[in-house]
Amino acid sequence: MKFIYPAVFRRTENGGYRGYFPDLECCEAFGDTLDEAVENANAAACDWIQVELEEEEPKLPPVSDISDLALEEDAVVRNISVNIRFYEGWDE
């Protein structure tokens, strides 16, 4: 199953990047470069979604439309795609 959530990235004071997901509570990623932060955001979102899916009653949040996000002028938004494979008996 494919999940796609927007992530917002901003340059930090030390020159790296911090990314967060407006829809995934407390899901953040950091990197020395934007590419590294995007890669780390993908891993963070994958972990976040997998943990939620393991709940007895998983509740994945709706996806925000990028045009609805209140963004700083220097913010960079990337849609992060996470593919999770469900195996037979995954919900046991």
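**Exercise 1.** Describe the span of residues 5-73 by its end-to-end distance and its helix and strand content.

The model is predicted, local features need pLDDT of at least 70, side-chain atom pairs count only at pLDDT 80 or more, and totals for chains, interfaces and linings use all residues. Residues are numbered from 1 along each chain, and side-chain values use heavy atoms, without hydrogens and water.

**Exercise 2.** Which strands pair with E1?

*Solution.* Step 1: strands pair if DSSP finds at least two bridges between them. Step 2: E1 (residues 2-11) runs antiparallel to E4 (residues 76-83), with eight bridges; proline 6 stands opposite asparagine 79. Step 3: E1 also pairs with E2 (residues 17-20), antiparallel, over four bridges, and phenylalanine 9 stands opposite glycine 19. Step 4: five residues separate E1 and E2 in a hairpin, and glycine 15 in its turn has a positive phi of about 95°.

**Exercise 3.** List the residues that phenylalanine 21 contacts, leaving aside neighbours within four places in sequence.

*Solution.* Step 1: contact means heavy atoms within 4.5 Å. Step 2: phenylalanine 21 is in contact with Tyr5, Pro6, Ala7, Cys27, Ala41, Ala45 and Ile80.

Methods. Helix = DSSP H or I, 4+ residues; strand = E, 2+ residues; numbered from the N terminus.
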